[in-house]
Amino acid sequence: MSVNKCCCECTDVRDAKLQEIIDKYKDTKGALIQVLHEAQELYGYLPLEVQKKISEGLNVPLTEIYGVVTFYTQFSLKPKGKYRIQVCMGTACYVKGSGMILDKLKEKLGIDVGDCTEDRLFSLHACRCIGACGLAPALMVNDEVYGRLTEKDLDDIIEKYRKLDAESNQ
Amino acid sequence: MQIFRAHVLVCGGTGCTSSNSPKIAEEFEVQLKKNNLENEVKVVKTGCFGLCAEGPVIVVYPEGAMYTMVKVEDVKEIVEEHLLKGRLVKRLLAGNDEFDYNFFKKQMRVALRNCGRINPESIEEYIAFDGYQALAKVLTEMTPEQVIDTIKRSGLRGRGGAGFPTGLKWEFARKSQDDQKYVCCNADEGDPGAFMDRSILEGDPHSVLEAMAIAGYAIGANQGYIYIRAEYPIAVNRLRIAIDQAKEYGLLGKNIFGTGFDFDIEIRLGAGAFVCGEETALMTSIEGKRGEPRPRPPFPAVKGLWQKPTILNNVETYANIPVIILKGPEWFASIGTERSKGTKVFAVGGKINNTGLVEIPMGTTLREIVYDIGGGIPNGKKFKAAQTGGPSGGCIPASLIDTPIDYDSLAQVGSMMGSGGLIIMDEDTCMVDIAKFFLEFTVEESCGKCPPCRIGTKRMLEILERITGGKGEEGDIEKLEILAKNIKAAALCGLGQTAPNPVLSTLRYFRDEYIAHVRDKKCPAGVCKSMMHYVINADLCKSCGICARNCPVGAIKGERKVPYEIDQEKCIKCGACMEKCPFKAIFKNA
Ligand SMILES: Cc1cc2nc3c(=O)[nH]c(=O)nc-3n(C[C@H](O)[C@H](O)[C@H](O)COP(=O)(O)O)c2cc1C
Ligand code: FES
C-alpha cells in the first residue's frame, strides 16, 4: 500500500475518494462495515479523523462507528507496515509449529504481534486459516502465500521484501 | 462455440495458487502457442481438486490424467509429450502409488461435484453441467410446498455445524407471514483450520446462487445476502463475477424464467470476528453493527434480519440443493446412514500425508479417512487423535478410530460434526496444549456480551496456562470441570456454550496427560517448553563444538575430548543445538 509514502497533496485526493465511497453507500441499509472496509483500503487504517468523516457522511454517531471498528479484528486504529506479515495460527499450522514461526519473527523483527517496525516496513500479525493447510505452516505477506516454512525461509522472506523496498525507492 | 480436442485444468484454489499455479497456467499458454496448439487445447483455471498437499495439481482431459507437484519447467514436457504426441508424462502422474489412488476412490463428490471440473468464472460451463436446471424446474413445475417437501424427504441436515434439518427450517420460514423475508448464506467459515466453504465458493459459486434462489422461492423471499469473510479475496471476487453473470443471463433479478419470481443477491463482507458465524450475530453484522448475538427466541425464521423472517444456511448445505432437486430426494437419502444423509466435505490437515479437501459419504469411518484417503501419518509416527468441530468441538482418540463419521456417532463420543475441519494429531502433539490453543482462540473471540463466556473462559485459560507452564496445582483439573459445566449452562450463544468442549473432551480421553502435567510436572509429548530440557548424550558427543557455536545464548560449554554440557539455567529451549548436531547426540527430555 502506498499509504506510508503519502505526501500532503494526495491526502486531499483520498478525502475526495472517501466522499465518493460514502455517497455510493449512503442509501444502502446497514452499509457501515462495507464503507469501513473501503476506507481502510484507501488509508491503510482507520484513524479517528476518517471515522469522523464517515460519521458525518452516513449520519451515524461516532461512538457507534468506534464501537464497530474496535469490535472487528480486520479494522485497525494503528497504521500497518508496507509489508504485512500474517502468520497463520490456524489449527493445521499450529499443530505443525506455526507458534515457533511467530516467535522467531518477533525476534527477528524486534516487534510484537500487532506492531509495526520503526521504518514502517513490516508489521506482524497472527491470522486464522488462510486455506493453505496443505502447505502448513504458512504465512502471508500482503497477498502472497509462503508455505512449508522453516526458520531459514524467514530470513529469505524478510530479505526479499527489504530488497523489493530498496528497489521501489530508487 | 469453439470445440477443443483437449482441456488442461489448472487448479486455481488458494493452496495451489500459493504453490505457483498461476505461473503454470501462463506457461501452458506460452508452450501451446509455440506448438500451434492454442486452437486445439484450452487451458481452464478451476477450483480446488482436493489434493492440496501435492499441489500444484493439473488435470488433462479427455484422458483425465492428473499431474501433481508440477513445476513451471515441467510444462514444456507435458505439452510436447502428452498434448502433442499423446504420451502421458509418467513421472508426474498422480496415482502412481496406491495412496493417491485411494485418495479419490473412497470419496464421493456431491457438494464438490463441479469443483475442479469447470471454470468457476464461466456461467456457460456451469450451465453445461446442468446448472440452473434445478431452478428452472422449481420455478416452472413445483409449488413452494413441494420444494420444501422434497428437501425434507432428502433428509438433508445443515452442514454448518449444528445439523438442523434444512427442510424443516425452510418450512418454519415459509409459515411466518410477512411482506418481506430474507435468505442468507453463511460463508463466514470460522473454524480456524478449515476451508471447505471457501473451496466451494472458489470452485463452483453458481451452485450457491442457484440454491439461494430456490430457497427464496420456497420461503417467499426476494432478497438474499451472502455473508463472507474478507480474508477470502479469491472467493469474494468469483462470487461477484458469478452474480453479475447470473443477472446478465436473467437467472437473478426480476421475473426469472418469465415466471414473475424476483430474486436478488448481495454480498456482505465480514471483518474478522468468529462470533459472526453464529446466526443471530451474523444477522446483526449484516445490519452493519457490532456482531453481537441476540437471545433466541425469537428465532430467525420468525424475526431475523431487520426483524423479518429469515433463513440462514451454510455454503455446503446450499451446494447440495440443486442436485437434490434434479436427482430426487430418494437418491440423496440413499447415501449415508439412517439419520445422516448424503456426504460431508472435510478439510483434512495436521499430521497426515494427504492434507486437502475430501468428500465422503456419511458413515465412512475415521480409520478410512486417516489411512485410506489420508495416506496415514508421516514419518512412521503413531496416530493419537483427530479433532473435529474446531473450537466448539472435541477429539476422537485412537481407540475410537473406527467411529463412523455421522452427526450422532460423533456427538456420542463427545465430539461433533462441526463445519468440516478435521485435524489429525500424532504422538508428538500435547493434548493439553491443544485444549489451550482452542481456548486462547475463544477467549480472543468472545464478544464480551455475556459474563460466563467473557470471564469464565478467561479463568479456564489461566488455569491451562498454569498447567502447561509447569505450575499446575492439585485441584486445577476439577476447577476446570466445574467452570466448564457452568459456562456451558449459562452462556448466551453457541460460542460460549461450546467453548469448554475441547477441554472436556481432552479431559475425557487424555486425563492422564493432564495429571502428568499437574502432578509430575511433565509433558509426555515434549511440547510444553517449561517442562522439558535438552541434554547432550556424553557417549555420542564428539566434542565438535558446533552446538556451542549455534547456541544463541551461550548456554553450552565444553572443550576438546570432553563431552559438551548444557547449562539448564541459561538454556532458552530453542532447539537450535539439537537441529545442528551432526552426530544426533542431543535429545529432548520430557
Ligand atoms: C460461535 C459460532 C460460530 C459459527 N460459525 C459458523 C460458520 O463459520 N459457518 C457456518 O456455516 N455456521 C457457523 N455456525 C452455525 C450457524 O450458527 C448456523 O447454525 C448455520 O450457519 C446454519 O446453517 P446450516 O443449517 O446450513 O448448517 C456457528 C455457530 C456458532 C455458535
Ligand atoms: S491452518 Fe494454516 S492454512 Fe489452514
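Student: In what order do the elements of chain A run from the N terminus on?

Tutor: Helices (H or I, at least four residues) and strands (E, at least two) are DSSP runs, numbered from the N terminus. In chain A the order is α-α-α-α-β-α-α-β-β-β-α, which comes to seven helices and four strands. Note that this is a predicted model, where local features need pLDDT of at least 70, side-chain atom pairs count only at pLDDT 80 or more, and totals for chains, interfaces and linings use all residues. Residues are numbered from 1 along each chain as its sequence is written, chains are lettered from A and ligands numbered from 1 in the order in which they are written, and side-chain values use heavy atoms, with hydrogens and water left out.

Student: What share of the residues of chain A and of chain B count as buried?

Tutor: Buried means under 20% relative accessible area, exposed over 50%, and partly exposed in between (1.4 Å probe, protein chains only). For chain A, 52% of the 170 residues are buried; for chain B, 59% of the 590 residues are.

Student: Why is chain B said to be as compact as a globular protein of that length?

Tutor: The radius of gyration is taken over C-alpha atoms, and the globule rule is 2.2 Å times the number of residues to the power 0.38. Chain B has 23 helices and 18 strands. Its radius of gyration is 27 Å, close to the 25 Å given by the rule for 590 residues, so chain B is as compact as a globular protein of that length. The C-alpha trace of chain B spans about 90 × 65 × 40 Å along its principal axes.

Student: Which side chains meet in a salt bridge?

Tutor: A salt bridge is a side-chain nitrogen of Lys or Arg within 4 Å of a carboxyl oxygen of Asp or Glu. There is one salt bridge between chain A and chain B, and it joins the side chains of A:R128 and B:E445 (3.1 Å, N to O).
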